[in-house]
2 protein chains.
Amino acid sequence: MPQLRKDPVTKRWVIILHEEAKQPGDFKVENPMRHGNKCPFCPGNESMTPNEVMSYRNPESLPNQQGWEVRVIPNKFPALQIEGDLDRTGIGVYDMMNGIGAHEVIIESPGHDDGFQNYSRDQIARIIRTYTDRYRDLKRDRRFRYVLIFKNHGSAAGASLDHPHSQLIATPIIPKRAMEEVEGAKRYYYYKERCVFCDIIRQELSSGNRIIHENEQFVAFSPFASRFPFETWIAPKEHKDSFGDIDSGEIDGLADIMHGTLRRLVKTLGNPPFNYVIHTSPCGEHCTDYYHWHIEIMPRLTKVAGFEWGSGFYVNPMPPESATKFLLKNGS
Amino acid sequence: MPQLRKDPVTKRWVIILHEEAKQPGDFKVENPMRHGNKCPFCPGNESMTPNEVMSYRNPESLPNQQGWEVRVIPNKFPALQIEGDLDRTGIGVYDMMNGIGAHEVIIESPGHDDGFQNYSRDQIARIIRTYTDRYRDLKRDRRFRYVLIFKNHGSAAGASLDHPHSQLIATPIIPKRAMEEVEGAKRYYYYKERCVFCDIIRQELSSGNRIIHENEQFVAFSPFASRFPFETWIAPKEHKDSFGDIDSGEIDGLADIMHGTLRRLVKTLGNPPFNYVIHTSPCGEHCTDYYHWHIEIMPRLTKVAGFEWGSGFYVNPMPPESATKFLLKNGS
């Protein structure tokens with residue numbers, strides 16, 4: 001079973017995988033998850049994956065067979081395991097717990113070569129609806145403190161299979177970065193009695209020079225302190241702390257703005273490797289007043305040197321105002 | 001002039017470079033700093049670099065000519081600029097300051113193909129002595145709050161030139177990760193009245209299953225909550241908050257343990273890309289009692305997916321106890 005371990009100084013949790021029994025040479029292999037020529041995520045190969053958790057599919061088709069539009073499966077190589085109770089222990093200065101959690105894969109489309117360059121708004125809406133279905137289901141599990149939904153696109157962004165997919169990890173702890181955001185937002189709220197994200201959105205809309213896309217419900221912008229070239233955030237205009245509280249009108253609005261924004265990124269940068277992460281409030285924390293869910297999109301154009309994550313100090317050679325201009329030149 | 005910008009939620013500072021005027025296509029170039037076939041860091045090519053800040057050299061040789069063993073130059077493409085006063089401003093919710101700082105390159109050896117696989121203990125001691133000379137000099141500058149010394153080795157670790165070198169960035173702010181460590185160590189000290197790093201070192205030496213190397217003054221170990229396969233920390237046994245307070249006996253001890261530890265990493269992993277970062281106390285902060293300087297070495301064997309730095313949540317497929325065993329098999 002994987003193990004969760006806490007760094008005693010910074011309180012950062014790490015998942016340590018034990019069962020794989022890797023050798024030092026194993027890390028030179030570039031794509032350890034290739035399955036010959038057969039893609040396990042393609043229609044017709046459903047038997048190559050664990051049984052599906054859910055799917056959007058033709059009502060006449062059967063689970064784990066062809067006929068789906070979006071399909072969710074447990075990760076075959078999970079970072080955390082769903083079965084068991086939480087067991088917290090300590091040895092001297094160190095704290096740990098067993099690696100309980102969920103690790104699922106959202107196969108975004110039957111088309112092996114599909115992606116945000118050709119997804120319709122409807123397909124994106126189905127993907128978002130799948131995210132919310134799984135989010136709401138896992139949030140009910142009392143063992144979990146956070147549900148992390150993210151996408152790695154392209155090998156440089158950490159994807160090990162080409163077929164378009166996102167992932168979901170439900171964790172029994174709150175990831176460090178999520179906690180920092182919640183605490184930062186709380187400090188701001190106690191000082192100003194306003195949501196910091198609402199203030200950011202208001203200021204961005206009024207200054208306008210970092211706005212990439214806007215519709216009735218959402219705004220996409222290059223953040224003022226972008227860590228990476230062409231980093232882009234998408235946030236709902238209406239204050240809501242939890243991604244799980246998105247309603248069906250908002251799902252359409254989000255599909256529209258993701259369609260527009262990611263197409264611009266793909267066109268401007270030539271289908272770059274990228275990641276996105278949905279930032280939402282932790283399960284069971286009361287942060288309705290001050291937290292504000294959003295999506296952070298990070299194209300992977302520069303190499304992040306070790307000092308950047310060793311120090312938390314980023315150097316970005318592309319001012320967000322210039323990135324916005326380049327993106328606006330490429331109409332969606 | 002570069003600009004320092006603060007994320008209003010997490011208080012993370014980012015350096016935004018303005019003058020480069022990059023185009024989106026510029027990020028596809030892998031090694032933008034190649035200078036034809038001539039290496040600007042090789043002896044005989046001294047005129048290709050800015051004038052040296054200092055060097056260890058043959059006393060009969062002249063500055064900016066051949067005859068050096070270690071040579072320090074200002075970075076030709078600095079992330080921060082040394083000239084000027086700090087100017088702090090804000091616009092609405094956002095805070096920023098002009099990009100004042102120092103950015104230097106430490107050329108570690110005249111040999112283009114040298115590295116920790118063949119450095120003598122004496123050469124490593126000279127490199128460390130150079131680090132301390134520059135550290136102490138820059139710490140005196142009242143504009144700077146932190147002096148960050150790090151090495152990127154190999155293209156995958158962010159190095160843009162092959163010739164072995166380290167870097168130094170002096171910043172007018174305290175990098176986020178450094179601040180987190182200082183605050184974590186302070187919390188522990190107030191709770192236990194002991195230094196958390198001293199407790200870690202004591203526990204590691206007593207359990208022994210993560211110790212890679214040890215001498216009179218230093219210990220090298222795989223940290224309990226390693227983020228990366230073969231992550232290795234080196235810490236002084238004697239409690240000292242600042243790297244700048246290292247004495248000449250300790251420089252020899254550190255050279256010895258870096259010689260042993262980095263050779264083991266190179267042998268076990270076949271000259272892997274890696275980074276190391278010297279973690280020390282911020283300038284002008286009084287954290288003598290509870291902070292403890294150390295070096296974190298991070299081999300770059302796995303791709304860090306976006307969710308890992310989006311969430312601060314790492315998955316490590318190599319338990320540190322197993323990493324230690326592999327490293328101990330390869331005697332230095």
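Chain A can be laid on chain B with an RMSD of 0.0 Å, using a turn of 180° and a shift of 0.0 Å along the axis. That is the relation of a two-fold axis. Please keep in mind that this is a predicted model.

Now the contact between the chains. Chain A puts in 70 residues, and chain B puts in 70 residues. On the side of chain A that touches chain B, helix 2, residues 176-192, gives the most, with seven residues. By class, that side of chain A has 38 nonpolar, 16 polar and 16 charged residues. Of the interface residues of chain A, 100% are also interface residues in chain B, so the copies meet through the same surface.

Strands also pair across the two chains. Strand 2 of chain A, residues 13-16, runs parallel to strand 15 of chain B, residues 314-316, and the pairing has three bridges. In that strand 15 of chain B, Asn316(B) is the residue opposite Ile16(A).

Next, the inside of one chain. How many residues of domain 1 of chain A are in contact with domain 2 of chain A? There are 27, and they meet 27 residues of domain 2. On the domain 1 side, helix 1 (121-139) and strand 8 (146-153) of chain A each supply at least two residues.

Note on methods:
Residues numbered from 1 in each chain as written. Chains lettered and ligands numbered in written order. Predicted model: local features only at pLDDT ≥ 70, side-chain atom pairs only at ≥ 80, totals over all residues. Contact = placed C-beta atoms within 7 Å. Helix = DSSP H or I, 4+ residues; strand = E, 2+ residues; numbered from the N terminus. Nonpolar A, V, L, I, M, F, W, Y, C, P; charged D, E, K, R; others polar. Pairing = 2+ DSSP bridges. Least-squares fit on C-alpha atoms with pLDDT ≥ 70 in both.
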